[in-house]
Amino acid sequence: MTATTTSTGPAPADLPGRRPEDEYLGFGRTVGYGLQHILAMFGGVIAVPLIVGGAAGLDTAQKALLVACGLFVSGLATMLQTLGAPFFGSRLPLVQGTSFATVSTLLTILAGDGEHGLRVAFGSLLVAAAIGLAITPFFARIIRFFPPVVTGSIITVIGLSLMPVAAGWITGPRTTTVGGVEVPAAGFAAPSDIALALFTFLVVIALSKVRSLSRLSILLGLAVGTVAAVLLGKAAVGAVGAASVFALPQPFAFGGPLFDFGAIASLTVVVLVIMVETTADILAVGEVVGTPVDSRRVADGLRADMASSLLAPVFNSFPATAFAQNVGLVALTGITSRFAVAAGGAILLLLGLSPMAAAAFSVIPGPVLGGAGIVLFGTVAASGIRTLSTVDFRGNNNLIIVAASLAFGLIPVVSTDFWHAFPAWFVVIFHSGISAAAIVAVTLNLLFNVIRPNAGARSSSDQASDGASPLPATTVRVSEGA
């Protein structure tokens, strides 16, 4: 099916005034590519509610409720981010999902306090997200401190820092808890799981060579890998039939929100980290798509992010953020249409309303996700390297900026307990490789390329040489009906 130019849908991206992300691919292809996005990030969305629900001592039905609510909120957030509303949404192909950045802080707040701790967490998240929404106009102004030397470093770290996620999907957990005692997990890094992941990886690579199938290589690779897992007895399908077909999310299902100053302060720091990561992802996807991203667009994207995070606790979920792995999928497939991602958001929304459908998607085993994830996350890192290739490293300190930001971004990856003795607020910020790389890269760029002694007015050629390129021009805003 080819892109349509009729009045029933948005016009193709190659028409005057149209941006690459505004391309409409037709209904069938739009839904297919949207489904591919959801399969690529599904494991990440359901992981956080399962971890938090387990820490809160919830039973299976209650954890299933958290998962369904997470899917519902992620769907709404994705549609707001991609389709947009006045002052809300970057209108870029960004998938929104439950943020991993909140997990460690939420576990500290719960601390064996069960449902009461969950109510404190939800109440504190409401306040923290409201603070984030209020400061968005000021936060978005930092866009001018993100030249290619900064964005390229951050995008590279995003891809590299996601590699342990893919590896963890393949190997499974290293330890498990038996009778309150942590013991080595019996199935950790089983050769059969690694073989299944490599099989999925090879299927994705092989399909990428077929021109007519290359843009669906991830979706088809996940499908083929899951079928293989079912045949090998590595995919549990029994839970699908036991789930209910339809269920509306109930606001504050665990009781009214409770508020705690310490929890609010900790989660406000986490929200700031989420805003840094979302800013980096907005810039990254803009680079991949090849479309200008200015301060206004970043602000609209952050407002959508924070509005979704403000809604999340009401519907028993956790802050939403842009998913970096889906940036890699955009780069890998070349499908830049935001309407395809919006279709994925609609699918997430429907899954959140149908526990049975959500259970069907959760059949995809970790090794299959990991096999596809290797390609996805590697593509993100490669996109960052491509951005860095445009930076001039001669006669300046750009090499130091890249070296230091990569180092600080990868420290939490190679040594997860590196910062454990530091204050909690510091750990929250620097335990995220993405936020650590962003802070170091922006700071060093300010030091080396912006704040210069005896530096008067600088020419555009001087700016280009140090990587601090001026802001791109504001792009033509698409009408609400697009």
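The legends below describe close-up views of a predicted model.

**View 1. The largest nonpolar core and the surroundings of L118.** The largest nonpolar core of this predicted model contains 85 residues, and those with the most contacts inside it are L118, I154, I158, L222 and F318. Helix α9, which spans residues 261-289, gives the most to this core, contributing 14 residues. When neighbours within four places in sequence are left aside, L118 is in contact with V52, L58, L110, F254 and F318. Another core, made of 13 residues, lies apart from this one, and M41, V67, V341 and L351 are among its members.

**View 2. The aromatic pair of Y24 and F339.** Across the whole structure, a search finds 10 aromatic pairs. One of these pairs is formed by Y24 and F339, whose rings are arranged edge-to-face, at 6.3 Å centre to centre and with 80 degrees between the planes. Because Y24 lies in the segment before α1 (27-55) while F339 belongs to helix α12 (residues 338-353), the pair ties together parts that are 315 residues apart in sequence. Y24 and F339 are both buried.

**View 3. The aromatic cluster that includes W419.** Ring pairs join F408, F418, W419, F422, F426 and F430 into a cluster. Within the pair formed by W419 and F426, the rings are edge-to-face, with 5.2 Å from centre to centre and 65 degrees between the planes. Both W419 and F426 are buried.

**View 4. The salt-bridge network of R19, E21, D22, R297 and R338**. The structure holds 8 salt bridges, and a network of such bridges links R19, E21, D22, R297 and R338. Side chains of opposite charge can pair when their charged atoms come close. E21 forms a salt bridge with R19, in which the closest N and O atoms are 3.2 Å apart, and both E21 and R19 are buried. D22 forms a salt bridge with R338, for which the closest N and O atoms are 2.7 Å apart. This second pair links distant parts of the chain, since D22 sits in the segment before α1 and R338 in helix α12, 316 residues apart. D22 has 0% relative accessibility and therefore counts as buried, and R338, with a relative accessible area of 0%, is likewise buried.

**View 5. The salt bridge between D392 and R394**. D392 forms a salt bridge with R394, and the closest N and O atoms of this pair are 3.0 Å apart. R394 has a relative accessible area of 69% and is therefore exposed.

**View 6. The loop residue A190.** A190 is placed in the loop between β3 (181-184) and α6 (191-208). At 18% relative accessibility, A190 counts as buried, because the limit for that term is under 20%. The C-alpha atoms of A190 and I170 are separated by 8.8 Å, with the two residues 20 residues apart along the chain.

Terms used:
Residues numbered from 1 in each chain as written. Predicted model: local features only at pLDDT ≥ 70, side-chain atom pairs only at ≥ 80, totals over all residues. Heavy atoms only, no water. Core = buried A, V, L, I, M, F, W, Y, C linked by side-chain atoms within 4.5 Å. Buried < 20%, exposed > 50% of the residue type's maximum accessible area, 1.4 Å probe, protein only. Helix = DSSP H or I, 4+ residues; strand = E, 2+ residues; numbered from the N terminus. Contact = heavy atoms within 4.5 Å. Phe/Tyr/Trp six-rings, centres within 6.5 Å; stacked < 30°, edge-to-face > 60°. Salt bridge = Lys/Arg side-chain N within 4 Å of Asp/Glu carboxyl O.
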